[in-house]
Amino acid sequence: MSIVIVYGINLTSVILREYGDFISVVFLQKTPTFVAIGGMVLLVSYAVRGGVEVLGRLAQLFLPLTFLVFGR
């Protein structure tokens, strides 16, 4: 059981690091990597704590923005 927990923590840290590096290199060149990672961790922890309703509300919030950005 402890191997599964260690594997999950390791996989999560690798994914967060790759996400932070990607965001810092491609979009926010002058922003430190830990800020991008911290923002993602806060957003995910808020969504997990709030449950399905929070995920639905965030989808409602970002749907018009997504159409504006990619709808051209």
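Predicted model: local features only at pLDDT ≥ 70, side-chain atom pairs only at ≥ 80, totals over all residues.
## Basis

Local features need pLDDT of at least 70 and side-chain atom pairs count only at pLDDT 80 or more, while totals for chains, interfaces and linings use all residues. Residues are numbered from 1 along each chain as its sequence is written, and side-chain values use heavy atoms, with hydrogens and water left out.

Helix α3 spans residues 52-70 (helices are DSSP runs of H or I, at least four residues, numbered from the N terminus). It has 19 residues. From first C-alpha to last, α3 reaches 25 Å, close to the expected 27 Å (1.5 Å times one less than the number of residues).

A kink of about 35° lies at Phe62, shortly before the proline Pro64. The bend is the angle between axes fitted to the seven residues ending there and the seven starting there.

## The nonpolar patch

Phe62 also belongs to a nonpolar surface patch of about 680 Å². Patch residues have over 30% relative accessible area and no salt bridge, and nonpolar side chains (Val, Leu, Ile, Met, Phe, Trp, Tyr) are joined within 5 Å. Phe62 has a relative accessible area of 40%, so Phe62 counts as partly exposed (buried is under 20%, exposed over 50%, partly exposed in between; 1.4 Å probe, protein chains only).

## Two further residues

Leu55 is in α3. It is partly exposed, at 48% relative accessibility. Leu55 and Gly20 lie 22 Å apart, C-alpha to C-alpha, and 35 residues apart in sequence.

Tyr7 sits in helix α1, residues 2-27. Tyr7 is exposed because its relative accessible area is 55%. Its C-alpha is 24 Å from that of Ile23, 16 residues apart along the chain.

Notes
Patch = residues over 30% accessible without salt bridge, like charges linked within 9 Å, V, L, I, M, F, W, Y side chains within 5 Å. Areas by Shrake-Rupley, 256 points an atom, 1.4 Å probe, with all protein chains shown as cover. Salt bridge = Lys/Arg side-chain N within 4 Å of Asp/Glu carboxyl O. Helix = DSSP H or I, 4+ residues; strand = E, 2+ residues; numbered from the N terminus.
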